[in-house]
Structure formats: structure tokens, C-alpha cells
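Hi,

Here is the structure I promised to pass on. Have a look at it first, and my notes follow below.

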Amino acid sequence: MAVEATCLRRTRNEENQIDEDEDDYDKELSKMFDEAMADAEEAYEELLRYREDP
């Protein structure tokens, strides 16, 4: 019984770690996406300025 409880705890801890890792990965991807969108917006605004005043 104690071995089963230890294994279940270990499995839950591993699952929790995987969930945390996935959350960290999602946050990092979100940050990278936000940065890429900001760069794209900046490039688009620069393009518009160039088109208005070549």
C-alpha cells in the first residue's frame, strides 16, 4: 500500500511538472508571438511612411 501511494505521488508530481513545463512553454511562445507582432506592426508603419514620402 505504501509503495502504491509513493508511486501515485511520484506520478502526480511528474504530471504537475509536465503541466508547469507546458505552461512555461506556452508563456514563452506567447511572448515570442507578441514580440513578432510588435516587430511586424513597426515594419508595416515604416512601410506606410515610406509609401507616403518616398
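Predicted model: local features only at pLDDT ≥ 70, side-chain atom pairs only at ≥ 80, totals over all residues.

Which residues form a nonpolar patch on the surface? They are Tyr 44, Leu 47, Leu 48 and Tyr 50, with about 430 Å² of accessible area together. Accessible areas here come from the Shrake-Rupley method with a 1.4 Å probe, and for residues only the protein chains shown count as cover.

Residues are numbered from 1 along each chain as its sequence is written, and side-chain values use heavy atoms, leaving out hydrogens and water.

Leu 47 sits in helix α1, residues 2-52 (helices are DSSP runs of H or I, at least four residues, and strands of E, at least two, numbered from the N terminus). Leu 47 counts as partly exposed because its relative accessibility is 43% (buried is under 20%, exposed over 50%, partly exposed in between, with a 1.4 Å probe and protein chains only). Arg 9 is also in helix α1 and is partly exposed, at 47%. From Arg 9 to Glu 20 the C-alpha distance is 16 Å, for eleven residues in sequence.

As for the whole chain, 0% of its 54 residues count as buried, and its C-alpha atoms fill a box of roughly 80 × 5 × 5 Å along the principal axes.

Best wishes

Terms used. Patch = residues over 30% accessible without salt bridge, like charges linked within 9 Å, V, L, I, M, F, W, Y side chains within 5 Å. Salt bridge = Lys/Arg side-chain N within 4 Å of Asp/Glu carboxyl O.
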